[in-house]
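Please consult the sequence and the structure shown below while reading.

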Amino acid sequence: MAKTNMIEREKKRAKLVAKFAVKRQKLREVIADPNASYEDKQSAVVQMQKQPRDASYTRQVRRCKLTGRTRGVYRKFGLGRHKLREAAMRGEVPGLKKASW
């Protein structure tokens, strides 16, 4: 099981990302707009840099929903490899079975 403070930190990051998502999207559009002036783009870049670092989506880390483990997490299931294997063995994951050949 992961440390509780690390899990809480990820929850805090998720809230921050949601809070700044619309503003960041608008700034990104200004930066990518070919018709925008150089000054507008520069001011958008500066505003983006003034935002908290954790407001960026890429700062978030995927974690296992059951254990909080960061490594070996499958996006499709939201579980770490250990817990996914246990759930598959119990038949709790539809359409997933152990490979044998």
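A pocket is, on a 1 Å grid over the protein atoms alone, an open set of points where a 1.4 Å probe fits, with protein on both sides within 12 Å along at least five of seven lines; its lining residues have an atom within 4 Å of a point. The model is predicted, so local features need pLDDT of at least 70 and side-chain atom pairs count only at pLDDT 80 or more, while totals for chains, interfaces and linings use all residues. Residues are numbered from 1 along each chain as its sequence is written, and side-chain values use heavy atoms, with hydrogens and water left out.

**Second largest pocket**
- Lining this pocket are Tyr 74, Phe 77, Arg 81, Leu 84, Arg 85, Ala 88, Met 89, Leu 96, Lys 97, Lys 98 and Ala 99.
- Its volume is about 220 Å³, where a volume is the space filled by probe spheres set on the points, which are joined across faces, edges and corners.
- Helix H3 (residues 81-90) supplies the largest share of this lining, five residues; helices (H or I, at least four residues) and strands (E, at least two) are DSSP runs numbered from the N terminus.
- Seven of the lining residues are nonpolar, none is polar and four are charged. Here Ala, Val, Leu, Ile, Met, Phe, Trp, Tyr, Cys and Pro count as nonpolar, Asp, Glu, Lys and Arg as charged, and the others, Gly among them, as polar.

**Largest pocket**
- The largest pocket holds about 430 Å³ of space.
- It is lined by 20 residues, and the closest to its centre are Glu 10, Val 61, Arg 62, Arg 63 and Lys 65.
- Two or more lining residues come from each of helix H1 (4-32) and strand S1 (73-74), and H1 gives the largest share, four residues.
- By class, this lining has nine nonpolar, five polar and six charged residues.

**Core**
- Cys 64, Val 73, Leu 79, Leu 84, Ala 87 and Val 93 form the largest nonpolar core, a set of buried Ala, Val, Leu, Ile, Met, Phe, Trp, Tyr and Cys residues joined through side-chain atoms within 4.5 Å.
- Buried means under 20% relative accessible area (1.4 Å probe, protein chains only); of the 101 residues of the protein chain, 24% are buried.

**Overall fold**
- The protein chain has three helices and two strands, in the order α-α-β-β-α along the sequence.
- Its C-alpha atoms fill a box of roughly 60 × 35 × 20 Å, taken along the principal axes.

Notes: Buried < 20%, exposed > 50% of the residue type's maximum accessible area, 1.4 Å probe, protein only.
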